[in-house]
Amino acid sequence: MNNTTEALNIKKLIQDNNYDEALSKTKKALDVAQRELGDNHPDLVQYLDLLAEIHKANGNPRGAKRFTKKL
């Protein structure tokens with residue numbers, strides 16, 4: 001699955017309030033991307049954005065802030 005499709009699927013999970021599954025899929029995608037691209041690759045930003053979005057949507061702005069600081 002390509003990054004764009006994966007991100008869209010995760011956004012759909014967020015819209016459906018399925019935060020646990022969205023969080024799990026995002027963390028897995030981030031881990032894979034880090035292994036393939038390295039820890040400082042610019043494409044990792046999309047996964048950090050998704051993690052922040054999940055935490056905000058789930059009522060955890062402090063958790064979201066942790067990921068936006070990495071951007």
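Which helix does Gln-15 lie in? I looked, and Gln-15 sits in α1. Helices here are DSSP runs of H or I with at least four residues, strands are E runs of at least two, and both are numbered from the N terminus.

Housekeeping before going on. This is a predicted model, where local features need pLDDT of at least 70, side-chain atom pairs count only at pLDDT 80 or more, and totals for chains, interfaces and linings use all residues. I number residues from 1 along each chain as its sequence is written, and side-chain values use heavy atoms, with hydrogens and water left out.

I checked the accessibility of Gln-15 and got 61% relative, so Gln-15 counts as exposed. My cut-offs: buried is under 20% relative accessible area, exposed is over 50%, and partly exposed is in between (1.4 Å probe, protein chains only). I also took the C-alpha distance from Gln-15 to Ile-54, which is 9.6 Å for a pair 39 residues apart along the chain.

Next I went to Asn-17, in the loop between α1 and α2. Its phi is positive, near 60°, and Asn-17 is not a glycine. Asn-17 is exposed too, with a relative accessible area of 52%.

**Helix α3**

I tested the length of α3, residues 45-57. Its 13 residues should span 18 Å at 1.5 Å a residue, and the end C-alpha atoms are 18 Å apart, which agrees. The expected span is 1.5 Å times one less than the number of residues.

Then I listed the buried residues of α3: Tyr-47, Leu-48, Leu-50, Leu-51, Ala-52, Ile-54 and His-55. An α-helix has 3.6 residues a turn, so residues three or four places apart point the same way. What do the buried residues of α3 pack against? I found α1 (3-15), α2 (19-37) and α4 (61-68). After α3 comes Gly-59, with a positive phi near 80°.

**Whole chain**

I counted 4 helices and 0 strands, in the order α-α-α-α along the sequence. The radius of gyration is 11 Å, close to the 11 Å from the globule rule for 71 residues, so the protein is as compact as a globular protein of that length. That radius is over C-alpha atoms, and the rule is 2.2 Å times the number of residues to the power 0.38. The C-alpha box is roughly 30 × 25 × 15 Å along the principal axes.

Of the 71 residues, 31% count as buried. For contacts (heavy atoms within 4.5 Å), I took those with a separation of 6 or more, and 42% of them join residues 24 or more positions apart.
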